[in-house]
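Take a slow look at the model below. Turn it around a few times, then read on.

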Amino acid sequence: MPTLARYYIRTAFVWLVLAFAIGIAMLTSQLWALKSNPLAALQIVFYHALMVGWVTQLIVGVAIWLFPVHSREQPRGNEKIAWAAYATFNLGLGLRSVVEPMLQWAPSSLVKWAVVSAACLQVAALWFVLLMLWPRVKAKVAKAK
Amino acid sequence: MPKFSIFSIRASLLYLVIGGSVGGIMLVSKAIGVWPWIWYWRTAHIHAMLVGWLLNLIFGVAFWILPRLDAHGWRGSPWLVWSASGLLQAALAVLVWASIRPWSAAIAIASSLECLAAIAIAWHCWPRLQPLIIEPRPAQNK
Ligand code: HEM
Ligand code: HEM
């Protein structure tokens, strides 16, 4: 399995564990029947840790590994784009997971602009994923060296 | 990769970036209160992601990679998968439109289309869900 794919897939597993940890925290916090549960702010973080961090990242990792190779010289296309996607994807989601709930817990202009940066990183990541995978969705299979 | 899979997987990638960009705009709006109209697009974001990205991808990869039906690599008639995909795209279009401008018949129409798409894709995949039959190599030096 190529190094790139291993990074994507292992990091996906990290997000799966994080998502479960957040889910467990949210469910256990309901035992105390608080009037307003601060952990409710984590619901969106939970969904995206699961759907973006785990499901989407796992899919992209497996696609890098198993989609038809790009060319003999560059079997996985331009790997710089793939690493850029990996970095922005996880930085974006990680930053967002911290600062999005802080909009409810401790809003400040720093937090607001951090959320805006996280949104930009996340959107950039998806465009990198598109650039990286698009040329590999194709008919002819050139054998990798 | 066959033509149908190329179409379906590319469509799924487009849904991922377009739906994700809508999500990004929502997030910016949430932080600094600009463009409040984007919240009408919230349901569209959810369905572009869960149906547009994930289901299109699954249809495309399934057609490409499930076990073939005969030694020539026949995947089964492509008209079933094309209809499944057409129904899915129509359902998505109705859903996205309805989540921006709600209209009452939308849910009934979109869910019927999606139900037919599910039947069509299941019909296609069913016979292909079988153990791989690998012919034993003829013994070489007995
Ligand atoms: C660039 C990446 C993404 C961004 C910036 C983003 C942003 C958002 C935002 C702002 C919301 C609304 C949150 C709220 O109600 O306060 C949302 C909801 C949601 N998104 Fe995303 N999203 C992204 C990717 C995805 C992906 C890839 C999936 C699924 C595969 C997904 C699934 C969902 C779901 C299920 C909800 C509803 C959550 C709930 O009701 O609590 N999103 N997203
Ligand atoms: C054609 C079939 C479908 C129809 C007609 C439909 C319709 C709807 C409607 C009307 C809502 C409520 C939207 C709102 O409260 O703003 C909704 C929410 C939702 N749908 Fe669908 N949907 C369909 C298919 C799906 C599929 C296949 C999935 C998942 C794979 C899905 C996942 C969701 C989720 C997670 C929500 C919750 C959104 C929220 O938190 O507000 N839907 N759907």
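Where in chain B does Trp35(B) lie? Trp35(B) is in the loop between α1 (3-32) and α2 (42-65) of chain B. Helices here are DSSP runs of H or I with at least four residues, strands are runs of E with at least two, and both are numbered from the N terminus. Trp35(B) has a positive phi of about 45°, although it is not a glycine. With a relative accessible area of 43%, Trp35(B) is partly exposed. That term has cut-offs: buried is under 20% relative accessible area, exposed is over 50%, and partly exposed is in between, with a 1.4 Å probe and protein chains only.

Two ground rules come next. This is a predicted model, in which local features need pLDDT of at least 70 and side-chain atom pairs count only at pLDDT 80 or more, while totals for chains, interfaces and linings use all residues. Residues are numbered from 1 along each chain as its sequence is written, chains are lettered from A and ligands numbered from 1 in the order in which they are written, and side-chain values use heavy atoms, with hydrogens and water left out.

Now turn to chain A. Chain A has four helices and zero strands. Along the sequence, the pattern reads α-α-α-α. The C-alpha trace of chain A spans about 60 × 30 × 20 Å along its principal axes. Chain A has 145 residues, and 45% of them count as buried. Take the contacts in chain A with a separation of 6 or more: residues 24 or more positions apart account for 81% of them. A contact means heavy atoms within 4.5 Å.

How do two of these helices pack? α1(A) and α3(A) pack at an angle of about 10°, and their axes are 11 Å apart. The axes are lines fitted to C-alpha atoms, for helices over the stretch in contact, and the angles run from 0 to 180 degrees between N-to-C directions. α1(A) and α3(A) are therefore roughly parallel to each other. The cut-offs are these: under 35 degrees is roughly parallel, over 145 roughly antiparallel, 65 to 115 roughly perpendicular, and the rest oblique. On the α1(A) side, the residues that meet α3(A) include Leu4(A), Thr11(A) and Trp15(A). On the α3(A) side, Ala82(A), Leu93(A) and Ser97(A) are among them. The residues of this contact of α1(A) with α3(A) divide into nine nonpolar, four polar and one charged. Here Ala, Val, Leu, Ile, Met, Phe, Trp, Tyr, Cys and Pro count as nonpolar, Asp, Glu, Lys and Arg as charged, and the others, Gly among them, as polar.

Next, the rings. A pair of aromatic rings is described by the distance of the centres and the angle of the planes. How many aromatic pairs does the structure hold over all chains? It holds 11. The rings of Phe13(A) and Trp54(A) have centres 5.0 Å apart and planes at 55°, so the pair is tilted. This pair links distant parts of the chain: Phe13(A) is in helix α1 (residues 3-29) of chain A and Trp54(A) in helix α2 (residues 43-66) of chain A, 41 residues apart. Phe13(A) is partly exposed at 43% relative accessibility, whereas Trp54(A) is buried at 18%. The rings of Trp83(A) and Tyr86(A) have centres 5.9 Å apart and planes at 85°, so this pair is edge-to-face. For both pairs, the rule covers rings of Phe, Tyr and Trp (its six-membered ring) with centres within 6.5 Å; planes under 30 degrees apart are stacked, over 60 edge-to-face, and the rest tilted. Trp83(A) and Tyr86(A) are three residues apart in helix α3 (residues 79-105) of chain A, so about one helical turn separates them. Ring pairs link Tyr7(A), Tyr8(A), Trp83(A) and Tyr86(A) into a cluster.

Finish with Ile22(A), in helix α1 of chain A. Is Ile22(A) buried or exposed? Ile22(A) counts as buried, at 17% relative accessibility. Leaving aside neighbours within four places in sequence, Ile22(A) is in contact with Leu42(A), Val45(A) and Phe46(A). Ala33(A), by contrast, is exposed at 65% relative accessibility. Ala33(A) lies in the loop between α1 and α2 of chain A.
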